[in-house]
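Me: Hi! I'm new to this one, could you walk me through it?
Reply: Happy to. Let's have a look together.

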Amino acid sequence: MSAIGRADLPVRSAGTQSQWQGTLLAATLCLPALLPLLVIATALISPETSVWSHLAQHVLPDVVANTVKLVIGVALIAGTLGTSLAWFTTMYDFPGRRWLEWALLLPLAIPAYVLAFVAIGFLDYAGPLQTALRSVFGSSAWFPPIRSTGGAILVLSLALYPYVYLLARSAFLTQGRRVLEVAQTLGHTRRAAIWRVSLPMAKPWIAGGVALVCMETLADFGAVSIFNYNTFTTAIYRAWFGMFSVHAALELSAVLLIFVFVALYLERRSRSGLRFANSRDMTREPPRFALSGPARWLTAGYALVVFLLAFFLPLLQLIWWTIQRAAQDLDARYWEFAMHSIVLAASASLVIVAASLTLAYLLRRPHTRFVKAAVRTATLGYAVPGTVLAVGILFPLVIVNNTLQDAMRVVWGSSAPVILLQSTLLAVLLAYMARFLAVGFNPVESGLERVTHSIDEAAVGMGVSGARLVRKVHVPLLKTSLTTAAILVFVDVMKEMPITLITRPFGWDTLAVRVFNMTSIGEWERAALPALAIVLVGLVPAAMLVRGNRHVA
Amino acid sequence: MKRLRFAGLHWLLLGSLALLVSCAPPPSELIVYSARNETLIQPIIDKYTAETGQKVQLITDDAGPLIQRLNAEGKNSPADLLITVDAGVLWHAAQLGVLRSIESPVLDANIPEHLRDPRKRWFGLTVRARTIVYSTERVKPEELDTYESLTNEKWRGRLCLRTSKSVYNQSLVAMLIAQHGEEKTEQIVRGWVANLATPAFANDTLLMQAIAAGQCDVGIVNTYYFGRLQRDQPDLPLKLFWPDQNGQGTHVNISGAGVTAHAPRAEQAQKFLEWLSQPQAQALFASLDLEYPASPSAKAVDQVAGWGEFKQSPLNVAQAGELQPAAVRLMDRAGYL
């Protein structure tokens with residue numbers, strides 16, 4: 001059934017040749033992330049002391065405190081929202097459950113900065129809500145200010161909870177309801193069974209989701225700058241654009257990365273050695289648990305409120321702005337923008353899921369410390385502020401390009417063809433890999449923990465091994481995780497701006513580039529059109545995901 | 001595992017080749033890196049192409065990454081022209097050596113001296129003022145005077161500001177330093193912060209909406225943001241005030257351009273820049289975002305002209321860049337977030 005405990009599986013001996021291949025593979029796959037991280041790290045070698053003493057005295061104390069508050073707040077709220085909603089929708093039946101189950105994923109398609117802008121436009125002093133309150137009560141001074149720490153935490157939580165929801169859902173689906181039933185037959189109450197069996201069993205997924213949320217929060221610039229809430233990221237941008245010190249910006253990024261590395265290391269250590277295994281027998285999966293009358297409606301109400309706040313109301317606002325301000329911007333080019341977005345997002349999710357799967361397998365086999373470190377490094381890019389990572393990726397690409405170009409000039413003289421490696425689709429994909437590997441890797445790795453070595457042994461016993469073992473046995477078992485990973489990467493790439501902006505080939509404008517074009521001149525209402533298009537194009541994969549999982553639900 | 005990997009390798013190589021083919025930029029097209037928004041520049045590019053037949057490729061991004069990119073690409077950069085907003089940013093680009101100085105009698109004649117680089121590496125093309133906006137319901141224009149007069153106690157709890165992260169505020173404070181020195185400027189900024197009605201806003205539009213809604217009474221904004229809001233809501237109870245008319249004059253900033261240091265098509269780039277400085281192009285360029293043309297012989301659109309004549313600060317806008325790091329530190333010290 002299921003086993004939770006220290007790893008006691010026999011370590012299979014591995015040949016030195018396959019060890020070497022693994023090392024090489026891990027090194028290659030972590031290269032796109034490693035190079036920009038090295039660019040950032042080199043800044044630490046020669047610190048710019050005058051900027052640092054200023055930052056240490058006037059900027060860092062606030063910025064560190066703000067960042068810690070924000071990350072803890074968002075992790076707690078997004079973690080709670082995501083886990084509880086995943087629990088309710090997979091275990092219980094309540095009114096509206098069937099559509100809420102997939103509708104709760106949709107906020108994934110709304111970029112956090114869009115949600116932030118909508119929230120401030122609606123809830124701030126000059127917004128319609130407080131204006132209405134003032135016309136009724138004469139004053140709205142008692143209304144809590146949205147441009148505050150609490151407001152920023154709330155908005156980021158609503159924007160990011162789907163990461164946890166999606167991963168936790170995948171855990172609860174593959175773990176099945178039978179686990180609870182068994183725990184209850186062993187004398188636990190339902191509540192005790194949840195806390196002592198179901199949640200611990202889902203821990204790798206929940207932790208993986210919360211880790212993604214934390215990294216995304218640390219790297220966020222768009223949303224916090226709309227709140228004018230100062231974090232590490234805003235300090236990095238200020239050092240760069242305000243004080244013209246790229247160096248100080250890189251140093252700050254490096255310090256941020258050290259924090260992230262330590263946090264990830266601790267998270268890993270807390271669950272190292274645990275193995276989670278489960279073989280589902282879907283034909284005998286018990287029906288969803290029934291809820292009492294009031295509890296049914298409370299659960300439905302809770303899920304509905306989250307859906308309304310995180311998706312439906314912002315969507316209405318976007319539609320309203322589009323009709324009012326942006327409709328005239330819609331022209332034939334939008335097909336092209338959408339196509340570019342889809343091609344980039346789809347090929348990125350293909351490449352990144354394949355890379356994630358490879359890395360997860362390398363970790364599953366007996367591996368060296370080097371491989372482990374390489375895999376961890378490969379997933380760090382998600383916590384680096386987008387623009388910093390974009391420039392960090394650009395530097396090595398340009399160096400390679402210029403070296404090649406110079407070599408070609410030596411060979412062919414002035415008739416050498418001009419190359420521009422840094423704005424090719426290959427560059428875009430490598431850059432996305434540096435940024436989004438964590439998004440693909442976390443679900444795949446959690447999923448692979450469910451595939452026990454005994455399954456492998458059984459398969460090998462029946463003569464299925466090597467690539468066939470992966471294709472015939474693992475991939476079907478990993479279907480939920482792989483789809484989750486693919487969708488997350490797809491939607492994240494659709495929303496991504498700084499990397500797309502700097503590495504896109506000539507003429508390759510995407511929907512996100514359109515959003516940038518409007519928001520960078522403060523025309524937020526006109527950005528509603530491309531934002532809406534991102535939501536619509538993002539809905540398709542989200543719907544696909546849930547349909548793909550229906551048979552399990 | 002082994003077979004799987006080798007099959008994958010083939011595809012990877014094939015795929016990479018396909019991905020590389022799409023990269024070569026057409027050699028005859030002018031390549032422009034622009035941090036000025038695409039919608040505010042494409043129409044004028046289209047006009048230029050229609051008039052001269054010269055095709056132009058536009059790559060838009062934020063100024064920071066674009067300048068780093070130019071710098072990294074060095075002599076292999078495909079870019080011919082850098083267009084961006086804010087004098088400080090242009091100064092920084094020139095400082096990094098990514099722009100070349102150009103001798104052009106046309107540009108010298110069309111663009112006033114205080115709106116271009118003293119060493120001729122960049123030229124202002126459009127002008128925006130960063131000025132005072134006030135509520136016509138609660139403030140009389142006689143009550144207003146200079147930027148520093150907003151530190152007066154009568155504005156306690158009535159002032160709204162945009163964040164100090166805005167490059168426009170950084171340039172404004174830099175120019176105040178140029179005018180008054182650091183010590184006095186720090187007092188001014190502290191005085192503003194003490195008068196704030198609410199934490200600083202992320203953008204000028206939110207700030208003006210707050211004044212209209214009654215959260216505060218005065219603020220400091222760029223003219224074109226006011227213009228856009230006025231265009232959408234003509235009965236807005238807000239007006240612009242030109243500060244410091246009896247002294248130095250109102251602070252102006254620019255959007256501008258420079259030919260890149262390693263431009264493969266430098267001559268064509270200079271031609272385009274000269275064309276942009278001529279009155280007809282100037283008028284169109286400035287009208288796209290309700291700005292003032294840099295060339296005095298071109299006219300602003302009626303809506304903009306309707307805000308009245310004002311005296312511009314004659315200080316060279318290049319100082320905004322030179323003093324910007326000092327301005328940022330000063331605002332940090334003064335607790336202006």
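Me: Great. Where is B:Tyr224 found?
Reply: This is a predicted model, and in it B:Tyr224 belongs to helix α9 of chain B, residues 223-232. B:Tyr225 has its place in helix α9 of chain B too.

Me: Is B:Tyr224 buried or exposed?
Reply: Buried, because B:Tyr224 has 22 C-beta neighbours inside 10 Å and the cut-off for buried is 20 or more. B:Tyr225 counts as buried as well, with 24 such neighbours.

Me: What does B:Tyr225 touch?
Reply: Leaving out residues up to four places away in sequence, B:Tyr225 touches A:Gly522, B:Asp204, B:Thr205 and B:Met208. For B:Tyr224, beyond neighbours within four places, the contacts are B:Arg128, B:Asp289, B:Leu290 and B:Glu291.

Me: Which feature does UniProt place at B:Tyr224 and B:Tyr225?
Reply: An unreviewed UniProt entry lists "binding site" at both.

Me: Switching topic: how many residues does the contact take from chain A and from chain B?
Reply: It takes 49 from chain A and 53 from chain B. On the side of chain A that touches chain B, α16(A) gives the most, with 9 residues. By class, that side has 29 nonpolar, 18 polar and 2 charged residues.

Me: And what about the largest nonpolar core?
Reply: That core has 284 residues, and B:Leu81 is one of those with the most contacts inside it. Domain 1 (28-126 + 252-298) and domain 2 (128-251 + 320-333) of chain B both give residues to this core, so it lies between them.

Me: Which residues is B:Leu81 in contact with?
Reply: Setting aside neighbours within four places in sequence, its contacts include B:Leu30, B:Val32, B:Ala257 and B:Phe272.

How values were computed: Residues are numbered from 1 along each chain as its sequence is written. Chains are lettered from A and ligands numbered from 1 in the order in which they are written. This is a predicted model: local features need pLDDT of at least 70, side-chain atom pairs count only at pLDDT 80 or more; totals for chains, interfaces and linings use all residues. A nonpolar core is a set of buried Ala, Val, Leu, Ile, Met, Phe, Trp, Tyr and Cys residues joined through C-beta atoms within 7 Å. A residue is buried if 20 or more other C-beta atoms lie within 10 Å of its own, exposed if 12 or fewer, and partly exposed in between; C-beta atoms are placed from the backbone. Domain bounds come from an automatic or database domain assignment. Two residues are in contact if their C-beta atoms, placed from the backbone, lie within 7 Å. Helices (H or I, at least four residues) and strands (E, at least two) are DSSP runs, numbered from the N terminus. Ala, Val, Leu, Ile, Met, Phe, Trp, Tyr, Cys and Pro count as nonpolar, Asp, Glu, Lys and Arg as charged, and the others, Gly among them, as polar. UniProt positions are given in the numbering used here, feature names are shortened, and annotations may be inferred rather than shown by experiment.
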